[in-house]
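Take a look at the model before reading on.

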Amino acid sequence: MDDSRPLPDTIPVLIAGGGPVGLTLAALLARHGVRSLVVEADAGYCTGSRAICISRRSQEILWTAGVGAALAAKALPWTGGRSYWRNREVLHFQMPSEPTQRFAPMVNIQQFHVEAFVHAALRDVPELVQVAWSSRVAGLQAGLDGVSVTVETAQGPRVVRADYVAACDGGRSTVREQMGLQFEGTQYEGRYVIVDIVQETRRPVERLAWFDPPSNPGSTLLMHRQPDDVWRIDYQLRDDDDAEEALKPENILPRVQSHLAMIGEDAPWKLLWASMYNAKCLTLPSYRHGRVLFAGDAAHLVPIFGVRGLNSGLDDAANLAWKLALVLEGGAEDALLDSYSTERVHATHENIAYGAKSTEFMAPPDFAFRLMREATLRVALDEPAVQSLINPRQSAPVAYAGSPLNGPEHGEWTSELAAPGQPAPEALVRGPQGDFHLTQCFGTDFTCLVFGDGSLPHAVADLVTHGIAVLDIAPEADMLGQARLRYGLPGGTASTALVLVRPDGYVMGRWRGLAPEPVLACLRAKGLQP
Ligand SMILES: Cc1cc2nc3c(=O)[nH]c(=O)nc-3n(C[C@H](O)[C@H](O)[C@H](O)COP(=O)(O)OP(=O)(O)OC[C@H]3O[C@@H](n4cnc5c(N)ncnc54)[C@H](O)[C@@H]3O)c2cc1C
């Protein structure tokens, strides 16, 4: 890795950990013009099989981070999956998806590719981001006006003074340990062997799950395709299986071969990598400790079933980046950072609730759960209504219900999809330069969506002088009617409204009519001057 510049003495944001969350946070901060130093213990990107399923929301965030094209060129999109009990299909699910959508609901890609793509984007902004590879955060002293961080480098220890530290140093976070903070929550007993193999296949990209398959009786087995002809296969161990033995190739190969044979995949294959996993539902009670903010696995560990690990970490980065930027440039009081913790701890609790349900289905923690699962699978064979219980509940962005940042909602609306605290709905609209998606406009500024009736009132256009981007969605721009429908405007094109969207793409407030004063008043009431 090529960034050999000496470490700076001072930096606005020091990011401990250059995994996917730390690197993405650096890229998003750079979008706001904020300088950061990423300190990464390893010499390069992660190895082996980790996150593979990247949600639509994460694709939006990564696009803002500058890796949209690279991701789209490499990743494998998918929209649904199938579950089997023994050798019979019990569920065929589809995630919401339509041809006008910007991104697939999910794409599969190896985590190391994501890290490499974000790092490549960072190379375009060397004046804003420095990545110190093979350097470890060894200690820190946090004060009221900054944090002194001791970094171990190949040249010896250095002290860097940062205005803020973002702890993105993973599940075994040194920063968390140094600050004496502890995770709270549950660790599940059920163990999964995670195996990557290389094998050519023509199968569609889907999430495939088998419960008690003839190839591996008694086990649960998941399969996902990844780029470069790689299959990811996860299978559950029995309680009495020895973990060390289970990871020996002579024990992995027959189990994988038996399954490939069962599903008719007969091309030659080879083992790439194998490891052991067990699900955890753990979180810090708060992600803000003075000038130190926790994100990604350093803040929370959620089960991989439902793929909320990396996806929720990227949401942390998106939530934190604009708030740090606004505070550092004097556009908000430092108290804004408290809302980062409130919102993202709430999101973790939601993710854990979903992840725990998925885990209990994928790896039943006791006999009672196992019995219940078997009964559900048996009934689902003939009863479509029961199939929803088997649905893997894939990651979706969490609404910030009750957030202190949520503004008002004035007037009548026909949909709650765009209520304050919700992720702003997507829509394809028409502009002077052609058709575009609303989410392309989010990511850096506050944006006011103007649902006008033709011409844009001057007073609304003036919001730009307050640093708010204005997006005119006149009736003819909403050529498919998606925006008016999804943002809940009643009565067709005659009704008018303003919707304020935060830089991370969440709705802050919405008002019927076209008076801009309530928008400004809302921002002021929240202590924000964008
Ligand atoms: C088997 C497996 C499968 C998974 N599948 C999925 C999935 O499909 N979808 C999903 O969303 N998530 C999945 N996850 C979870 C996902 O991999 C993690 O949530 C993700 O890696 C978190 O990213 P992070 O940047 O927070 O932490 P990490 O990726 O752990 O990165 C932390 C970085 O900090 C560095 N570091 C540690 N200590 C220090 C220090 N003292 N100083 C400097 N650097 C330090 C580490 O070297 C590392 O590079 C999976 C995880 C596993 C293990």
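**Ligand site and a buried arginine**

A backbone N or O atom of P20 sits 3.4 Å from an oxygen atom of the ligand. The protein covers 88% of the 990 Å² of accessible area that the ligand has on its own. The model is predicted.

- The side chain of D297 places an N or O atom 2.7 Å from a ligand oxygen atom.
- R50 has a polar side-chain atom 3.3 Å from an oxygen atom of the ligand.

**Shell around the ligand**
- The ligand is surrounded by 30 residues. The closest are E40, Q111, T174, D297 and L310.
- By class, the shell holds 13 nonpolar, ten polar and seven charged residues.
- At least two shell residues come from each of helix 1 (20–31), strand 9 (136–142) and helix 8 (309–328).
- Helix 8 gives the largest share, three residues.

**R232**
- R232 belongs to strand 15, which spans residues 230–236.
- R232 counts as buried because its relative accessible area is 6%, and the cut-off for buried is under 20%.
- The R232 side chain reaches the backbone oxygen of R50 at 2.9 Å. R50 also has the polar side-chain atom 3.3 Å from a ligand oxygen atom.
- The side chains of R232 and D234 form a polar contact of 2.8 Å.
- Beyond its neighbours within four places in sequence, R232 contacts several residues, among them S49, R50, I52, D196, H224 and I304.

Note on methods. Residues numbered from 1 in each chain as written. Predicted model: local features only at pLDDT ≥ 70, side-chain atom pairs only at ≥ 80, totals over all residues. Heavy atoms only, no water. Helix = DSSP H or I, 4+ residues; strand = E, 2+ residues; numbered from the N terminus. Buried < 20%, exposed > 50% of the residue type's maximum accessible area, 1.4 Å probe, protein only. Polar contact = N/O pair within 3.5 Å; in protein donor to acceptor, adjacent residues only side chain to side chain. Contact = heavy atoms within 4.5 Å. Near = heavy atom within 4 Å. Areas by Shrake-Rupley, 256 points an atom, 1.4 Å probe, with all protein chains shown as cover. Nonpolar A, V, L, I, M, F, W, Y, C, P; charged D, E, K, R; others polar.
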